[in-house]
Amino acid sequence: MPTGGFDATRESILRCPGLRVPHAFSTRQGGVSESPFASLNLAVASSDDREKVLENRRIYTERAAFGAFPRTAHQVHGVSLNVAESAPFPAGTQGDIILTNVPGLAIGVFVADCVPLLLHAPDVAAVAAIHAGWRGTALNAARVAVAALQETYGADPRRMTAAIGPSIKGCCYPVGPEVADAMAGLPDPGACLKIDQDRWKLDLQEANRQQLEAAGLPAENVNVSGLCTHCREDLLFSYRREGARSGRLIGAIALPA
Ligand SMILES: [Zn+2]
């Protein structure tokens with residue numbers, strides 16, 4: 001099974017070989033939900049059976065070897081951020097970027113086509129989880145997160161490592177001209193936008209890769225899964241493929257406990 005450079009030897013999760021702290025991108029495999037959520041749907045907010053989702057979260061947490069299911073916020077396709085401390089976020093907390101320097105505290109973002117982006121700043125022992133769809137990418141969520149690690153903890157981008165998890169890619173993501181226009185600020189728009197049968201197609205992973213490099217990460221520290229959620233129905237959920245009844249994946253990271 002081709003899984004980019006990411007290691008899928010453990011059922012249910014994908015790991016990035018270059019990221020040297022606990023982390024796990026979920027797949028749709030190994031859970032208990034039934035179609036269309038089969039089987040490792042992690043979203044309580046879906047119309048899936050709540051008890052099954054909670055069991056899926058338990059399975060994921062165990063396979064990821066986290067102490068608890070990751071801390072998440074209500075994602076709104078923006079670039080506002082939350083710093084996770086030991087206490088939980090207040091109910092209804094919104095934001096698409098989470099940072100923490102609390103050892104053992106997993107933080108994560110839900111996705112089903114958007115990019116789950118994980119960052120590790122080893123020099124200051126801090127991590128970040130970022131949700132970047134086309135709107136977040138247009139707002140340069142990757143750079144906002146890198147800057148937040150710098151400003152909050154004093155991290156050096158040249159030391160950071162990034163993992164870009166499974167998302168929809170250029171093979172499967174036709175976008176309108178307004179989305180193509182929103183990518184004009186990228187370092188190399190032509191590398192992530194292609195014309196195919198008179199439609200633009202956008203590669204969100206390449207766009208985020210460019211933004212991380214522009215934010216100061218060395219190219220060799222930016223790990224790209226290359227996995228397309230829309231192509232890989234066997235492995236991943238895709239909102240574009242499955243619609244409103246799509247399950248949700250998570251990408252999450254923690255410092256060692
Ligand atoms: Zn595809």
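Analyst: R209 and E213 both sit in helix α5, which spans residues 204-214. Helices here are DSSP runs of H or I with at least four residues, strands are runs of E with at least two, and both are numbered from the N terminus. R209 and E213 are four residues apart, about one turn of the helix. Their side chains meet in a salt bridge, at 2.3 Å from N to O. A salt bridge here is a side-chain nitrogen of Lys or Arg within 4 Å of a carboxyl oxygen of Asp or Glu.

This is a predicted model, in which local features need pLDDT of at least 70, side-chain atom pairs count only at pLDDT 80 or more, and totals for chains, interfaces and linings use all residues. Residues are numbered from 1 along each chain as its sequence is written, and side-chain values use heavy atoms, with hydrogens and water left out.

Are the two partners buried or exposed, or in between? R209 is partly exposed, at 24% relative accessibility. E213 is partly exposed too, with a relative accessible area of 34%. The cut-offs are these: buried is under 20% relative accessible area, exposed is over 50%, and partly exposed lies in between, with a 1.4 Å probe and protein chains only.

How many salt bridges does the structure hold? There are 11. One of them joins E55 to R58, with the closest N and O atoms 2.8 Å apart. Both residues lie in helix α1 (residues 50-64), three residues apart, about one turn of the helix. E55 is partly exposed at 29%, and R58 is partly exposed at 43%.

D196 and K201 form another salt bridge, and their closest N and O atoms are 2.8 Å apart. D196 is partly exposed, at 31%. K201 counts as buried, because its relative accessibility is 18%. Salt bridges can also be linked: R28, R241 and E242 form a network of them.

Now the largest pocket. Its volume is about 970 Å³. The search uses a 1 Å grid over the protein atoms alone; a pocket is an open set of points with protein on both sides within 12 Å along at least five of seven lines, and lining residues have an atom within 4 Å of a point. Grid points are joined across faces, edges and corners, and the volume is the space filled by probe spheres set on the points.

The pocket is lined by 35 residues. Nearest its centre lie Q75, F110, V111, H131 and R248. β5 (107-111), α2 (134-138) and α6 (239-242) each supply at least two lining residues. By class, the lining has 19 nonpolar, 10 polar and six charged residues. Nonpolar covers Ala, Val, Leu, Ile, Met, Phe, Trp, Tyr, Cys and Pro; charged covers Asp, Glu, Lys and Arg; the others, Gly among them, are polar.

Finally, look at Y153. This residue is in helix α3 (residues 141-153). Y153 is buried, because its relative accessible area is 17%. Leaving aside neighbours within four places in sequence, its contacts (heavy atoms within 4.5 Å) include V83, L99, N101 and A148. The side chain of Y153 reaches the backbone nitrogen of N101 at 3.4 Å.

P90 is in the loop between β3 (81-83) and β4 (97-100). P90 is exposed, with a relative accessible area of 59%.

Note on methods. A polar contact is a pair of N or O atoms within 3.5 Å; within protein, one must be able to donate a hydrogen and the other to accept it, and residues adjacent in sequence count only if both atoms are side-chain atoms. On a 1 Å grid over the protein atoms alone, a cavity is a set of points where a 1.4 Å probe fits but cannot get out, and a pocket is an open set with protein on both sides within 12 Å along at least five of seven lines; lining residues have an atom within 4 Å of a point.
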